[in-house]
Amino acid sequence: MTIMTTVTLEHVSKTFGGNDIGGGPVVKAVDNVSLKLNPGDVMAILGPSGCGKSTLLRIIAGIFKPDNGRVLYNDMDLEEVPLRERGVGMVFQEGALVPHWESRKSVGFFLSLRKREPEIPEKLRQISKITGIGLDKLLDRRPAQLSGGEQQRVGIARALSRDLSILLFDEPFANLDAKYRTEARVELKRLLNAYPVTAVYVTHDQVEAIALSHRIAVMRDGHIEQVGTYQQLYDSPQNLFVATFIGSPPINVLEGRVENGHWYGVNFGGYPIRRDLPDGSAVSVGVRAEYFSLDPEGVPGVVDQVIPMLAERHQLVTVHLAGESWSLVAPLEPVIERGVTVYSKLNPDGLLFFDSKTGVRIG
Ligand SMILES: Nc1ncnc2c1ncn2[C@@H]1O[C@H](COP(=O)(O)OP(=O)(O)OP(=O)(O)O)[C@@H](O)[C@H]1O
Ligand SMILES: [Mg+2]
């Protein structure tokens, strides 16, 4: 049913505006991106709005031709693969279903176009079985008779109905409410497990990226900042952007300077750092909330905010002192009130050092 495809992007760029019809300012939507997906890889492209995710996905699909660089399916330049042999299944943010077609027709369209109608019932049976999403009930309805989530299911079934080599998703659940979104995510995960295919999943929601993909590519301003598993990105971010984008609650960032081989900030300091940094170098420290703990000998801070995190059986406490603020995790008991002073200590194992000017990780 599927051919497992290796997808390679080599120095791919795409600019909008300038010479394009419509003119407008020049936007470098995708800037020198190289990526490799092995057969069966599920990769998430994660980044803020406007960073170029959808453009990159369209380049991978062959909908946009890159200005520079190339896309390979297995070892073939995508430009040389005839359209009908590309095997791209794509699911969009909006269902993008033909309004007056019943779902059955949408899902069967690829096969009927190729005069392969007799295969349709078996295909529908297979897809219903794989997706396990009660597709049968939806098949005789038109898009207007389906909820947003149901439309997305039909959209996914339609994408699966072709002879697939790659499956691409552009924020398919972005318009669903939170509860439905979680359910849809679980279903899609089950589907991707049951139906191994090379896939790319675009999202700006890190929870979705973590849940669905094997690896995550973090994108900013048209380029890829880092590719890795969630744990690699969480524990070893290569720069401050990745460090602050990945992880919830967000990582604490403390500003400071180097003195005699040690880092000193406003409230914390004295931690050894690389010896080759000149005195006075501006260095930011990233430290996640779980590396702070309450300690009567620690640094005092006035509590600004307390958020219970019941699944983890702890509370997230944000404090401030001398114009600096940081968040720490504390046990659920005792209850901590806003405005009181608590004392916290920092575990030096959790320190990540970044050059304050460039944001690049330096230790
Ligand atoms: N057809 C176009 N013409 C001109 N500029 C475009 C076009 N498509 C996208 N852009 C610009 O390119 C940049 C990247 O857009 P893209 O849609 O790829 O971002 P995105 O990461 O998918 O954002 P979102 O999360 O909001 O969907 C943006 O600055 C956008 O304004
Ligand atoms: Mg987009």
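The model is predicted, and the chain contains eight helices and 19 strands. Of its 363 residues, 34% count as buried, and the C-alpha trace spans about 75 × 45 × 35 Å along its principal axes. Among the contacts in the chain with a separation of 6 or more, 65% are accounted for by residues 24 or more positions apart.

**Surroundings of ligand 1**

- Ligand 1 is surrounded by 13 residues, of which the closest are Phe16, Ala29, Ser49, Ser54 and Thr55.
- At least two residues of this shell are supplied by each of strand 2, which covers 27–37, and helix 1, which covers 53–61.
- Helix 1 provides the largest share of the shell, with three residues.
- By residue class, the shell around ligand 1 divides into eight polar residues, four nonpolar and one charged.

- Within helix 2, which runs over residues 103–113, the buried residues include Ser103, Ser106, Val107, Gly108 and Phe110.
- Lysine 115, which is found just after helix 2, takes a positive phi of about 55 degrees.
- The axis of helix 2 comes within 7 Å of the axis of helix 4 (residues 148–160), and the two axes cross at roughly 25 degrees; because angles under 35 degrees count as roughly parallel, helix 2 and helix 4 are roughly parallel to each other.
- The crossing in which helix 2 passes helix 4 is right-handed.
- On the helix 2 side of the contact are Ser103, Ser106 and Val107, which meet Val154, Ala157 and Arg158 in helix 4.
- The residues of this contact between helix 2 and helix 4 divide into three nonpolar, two polar and one charged.
- Ser103, Ser106 and Val107, which take part in the contact with helix 4, are also among the buried residues of helix 2.

**Leucine 160**

- Leucine 160 lies in helix 4, and this residue counts as buried because 23 C-beta neighbours are found inside 10 Å, where 20 or more are required.
- When its neighbours within four places in sequence are left aside, leucine 160 is in contact with Gly89 and Ile127.
- The C-alpha atoms of leucine 160 and leucine 124 are separated by 9.7 Å, although these two residues are 36 residues apart along the chain.

Key. Residues are numbered from 1 along each chain as its sequence is written. Chains are lettered from A and ligands numbered from 1 in the order in which they are written. This is a predicted model: local features need pLDDT of at least 70, side-chain atom pairs count only at pLDDT 80 or more; totals for chains, interfaces and linings use all residues. A residue is buried if 20 or more other C-beta atoms lie within 10 Å of its own, exposed if 12 or fewer, and partly exposed in between; C-beta atoms are placed from the backbone. Helices (H or I, at least four residues) and strands (E, at least two) are DSSP runs, numbered from the N terminus. A residue is near a molecule or strand if its C-beta atom, placed from the backbone, lies within 6 Å of it. Ala, Val, Leu, Ile, Met, Phe, Trp, Tyr, Cys and Pro count as nonpolar, Asp, Glu, Lys and Arg as charged, and the others, Gly among them, as polar. Axes are lines fitted to C-alpha atoms, for helices over the stretch in contact, and angles run from 0 to 180 degrees between N-to-C directions. Angles under 35 degrees count as roughly parallel, over 145 as roughly antiparallel, 65 to 115 as roughly perpendicular and the rest as oblique. A crossing is left-handed if the near helix is turned anticlockwise from the far one by less than a right angle, and right-handed if clockwise. Two residues are in contact if their C-beta atoms, placed from the backbone, lie within 7 Å.
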